[in-house]
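My notes follow the structure.

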Amino acid sequence: PGRGAPPDAMGAQLSGAGCAAPLPPDDVTWLAGNTGAASGKAAAAGRGAASAPRPRSRSTKWTSECTSASGGTRGLEGFGATQASPSRRVTPLTRNSVRRSSNNAYARCAPSRSRNGEGGGAGSLGAQGAAAPGCAGFGGALPSSIDLAVKPEQRIIVVGDLHGMVHKARALWRSLEEVLTPAGLDAAMVVFMGDYCDRGLYTRELLTWLVALRNERSRRGARTVFLLGNHDFCLLSFLGLLPKPETQPSFAFRQTWDREDSGINRNERERWWGNDQEDAAALGDMHLQGRRWAGAFYERSYGSPSTFASYGVDHGDREALRRTMPEEHIDFLRQCPWVHVEDNALVGRCVFVHAGLESDGSPSCEEQLAKLRSRDARHPHPECLFGRDNVLHVPQQLALRGTTVVSGHHGRVLLKVHRLVVDSCSGDENSPLSAMVLPEMYLVRHDGRHEQRDPGHVFPALARHRKGPHPTLLAAAVGTSAMSPNTPCGRSPHGHDHGDSPRCGMPVGDSAPLEE
């Protein structure tokens, strides 16, 4: 950390003044033709002379966790770790290695495009519109798996956890534009599943890009939802910026950790952030997860050193981080809803939440959703944002009504009946960043590879309409979907109750209101 710009060379657009500007131009040719000293000078100029050098993290060990239910590789105990192997030494990633890996991927899959948007010229990556073998989706025409019977405004794009990887985020957005066309992407609703900070090297640049993306899509009338993830929760916790409970405005977040009966061992407590702090007020408004996030005990598992480094401050320096973070970055995170409920004419009702909903029946769905809507942070470990196995299943009362729970967080792509998880990257530089196109269940990756999944695995009603290589959803679009918002009494044509009953309790299109 500390050398060069992100692989996409966002330049001045990534400076503090670039946040309110339109989206940065596509800059694929830079990746192929500008490396070495020239790119370093351009990056330095773009980042601004006032930028401080980024310090190295206190974390010196780099490990990798290769555990996944689907047999894949999921990074990282430490941020930016490479895949562990008995025959290969695990070494830290540098900005140059990130740039080289991105160059290789784009040189293989990206279309020719120059700075002014025209093909050809020096440094172009081949003929305009041509695609290398194995790079489906870059040929100009819509892939066969994208159903032309589906209206663009009925599509939902689910984007997995980004974790400071702005180069992958930009590449994934280009892939989505190639698959759906820019106009089709504007018409679709895009849901980002949270976790924008930590692990990756470019938290600051990613937040700047997301703010610009939000402003640009809002200007064009496009729908975009940016959910809060558990890492973002921890960052706000550390800065003392979590919202106070509406029903208990005097609540002190120290109550989440200042308890003898909490079951937390002494060794962990001694390695929380703030044990050497003399100012008790600095800890009074800090949630347990904020102390864990910035402390030594969870330094590698959370990957928080990369967030401090991206803002050019020492790890654990709370005042410096609060002073350095642009207000628009803080406002963006504070405005992120914790849950979004959407009724869709094709796939029915979907609950979007970062980790999932508890399915053991102890807290009711109504209670969980109410806490998420009000952003109630009084619990030391909010399961809907931090949970693992206990939130992997859909609550039975929702499954019986055909409601699907969609999340990221879990470091895998998981398809179960009325349960969808999209998080193939999880902050690992060696894993692809993915987005799922609904209702076709078309998985789009940042490196240009795409994959068709069976929609019937998640939405059983769509299996009834499958014809050919992809589901034909024209019949669903005119009223035979798993759930139509216009169906009388909220009851679907197949006999399942999906209405706004007291037991279900999920209004249409519901997100937590933006905080003033």
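The entries below go from the whole chain to single residues.

**Ground rules.** I am working with a predicted model, in which local features need pLDDT of at least 70, side-chain atom pairs count only at pLDDT 80 or more, and totals for chains, interfaces and linings use all residues. Residues are numbered from 1 along each chain as its sequence is written, and side-chain values use heavy atoms, with hydrogens and water left out.

**Overall build.** I looked up the secondary structure and found 19 helices and 14 strands. Helices (H or I, at least four residues) and strands (E, at least two) are DSSP runs, numbered from the N terminus. Of the 516 residues, 57% are buried; buried means under 20% relative accessible area, exposed over 50%, and partly exposed in between (1.4 Å probe, protein chains only). I then checked contacts (heavy atoms within 4.5 Å). Among those between residues at least 6 apart in sequence, 70% join residues at least 24 apart.

**Cores.** Which residues have the most contacts inside the largest nonpolar core? I noted I157, F192, Y196, L210 and L321, in a core of 80 residues. A nonpolar core is a set of buried Ala, Val, Leu, Ile, Met, Phe, Trp, Tyr and Cys residues joined through side-chain atoms within 4.5 Å. Helix α4 (residues 166–180) gives the most to this core, seven residues. Another core lies apart from it, with 24 residues, including M193, C350, V413 and L462. Back at I157, I listed its partners beyond four places in sequence; among them are L176, L180, M189 and V437.

**Cysteines.** I found zero disulfides, a disulfide being a pair of cysteine sulfur atoms within 2.5 Å. C350 is buried at a relative accessible area of 0%, and C425 is buried at 1%.

**Helix α14.** In α14 (residues 327–335) I found H329, I330, F332 and L333 buried. Seen down the axis, the buried residues of α14 fall within an arc of 160°, so they line one face of the helix. That arc is taken from the directions from the helix axis to the C-beta atoms. Their cover includes α6 (203–219), β3 (224–226), α7 (230–238) and α13 (318–324).

**S364.** S364 is partly exposed, with a relative accessible area of 29%. The S364 side chain reaches the backbone nitrogen of E367 at 3.2 Å.

Methods
Polar contact = N/O pair within 3.5 Å; in protein donor to acceptor, adjacent residues only side chain to side chain.
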